[in-house]
Amino acid sequence: MSLIQLIELPIFGDGRGDLVSIEASKHIPFDIKRVYCLFNLADHPRGMHSHRQLQQLAFCVHGSCRFILDNGTERDEVTLSRPTQGLLIGNLIWREMHDFSDDCVIMVLASEHYDESDYIRDYTTFQDVIRGTAG
Ligand code: T46
C-alpha cells in the first residue's frame, strides 16, 4: 500500500462560494475523537514523531505545507494545498511537516484524545518499535 494515501472530498460550489463537508464513517476510516488546528506557523519543521495507536487525517485548509511520511523502510512526501484533500496518517508512521506558507492553516482529525504516551519522538526508538525490538 502506498505511504501517501489521499482522501478527496467533493466540493458543493455555487454562485455564493464553495462548501466541503467531511462525514465520519463515510469519508474517514476511524471515529473522530479530537480535532485540532495548526496556524501562525514559523519557518521551522513540525511533527518529527510517530504515534503508537493514533490515526489521523490532515487537511491544509488554507495555504500549503509539505508532509513527509516514513514507515521505517520507505519515505515519501506530498504537498497539501487544498481543503478538499486529506492525508491519511496511520499509526506507526513517522511524520514531518515542512515549508509552511505564511497563510498555512492545517486541520487534523484524530482517532484518539491527546495522549503524550502514544508519541514516539525519537527516530531510533521508532525504528526499534517497527522492528519489534522495543516496546
Ligand atoms: C501530529 C502532527 C500532524 C496538546 O496538548 N493537545 C493536542 O491535541 C495536540 C495535538 C498537542 N498538544 C500539545 C503537546 C505539545 O506541548 O501541544 C504542543 C505541541 O504539540 P506537538 O509538538 O506534538 O505538535 P506538532 O505540530 O509537532 O504535531 C502535531 C500533533 O501533536 C501530532 O499528533 O501528528 O501535528
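This is a predicted model: local features need pLDDT of at least 70, side-chain atom pairs count only at pLDDT 80 or more; totals for chains, interfaces and linings use all residues.
Q: Which element gives the most residues to the shell around the ligand?
A: The residues around the ligand are Arg34, Tyr36, Leu38, Arg46, Gly47, Gln56, Ala58, Arg95, Val108 and Tyr114. The elements that give two or more residues to this shell are strand S4 (34-38), strand S5 (46-51) and strand S6 (56-62). With three residues, the element that gives the most is S4.

Q: How many charged residues does the shell around the ligand have?
A: Sorted by class, the shell has five nonpolar and two polar residues. Arg34, Arg46 and Arg95 are among the residues around the ligand, and arginine counts as charged. The number of charged residues in the shell is three.

Q: Which strands stand at the edges of the open sheet of five strands, and why is one side of each left without a neighbour?
A: The five strands of the open sheet follow the order S1-S9-S6-S11-S4, with antiparallel pairing. Each edge strand has a single partner strand, so one side of it is left without a neighbour in the sheet. The strands at the edges are S1 (5-8) and S4.

Q: Which residue of S11 is the bridge partner of Gln56?
A: S6, a strand with five of its seven residues buried, pairs with S9 in the antiparallel sense over four bridges, and there the bridge partner of Ala58 is Leu87. S6 also pairs with strand S11 (residues 105-110), in the antiparallel sense over six bridges. In S11, the residue bridged to Gln56 is Ala110.

Note on methods. Residues are numbered from 1 along each chain as its sequence is written. A residue is near a molecule or strand if its C-beta atom, placed from the backbone, lies within 6 Å of it. Two strands pair if DSSP finds at least two bridges between them. A residue is buried if 20 or more other C-beta atoms lie within 10 Å of its own, exposed if 12 or fewer, and partly exposed in between; C-beta atoms are placed from the backbone.
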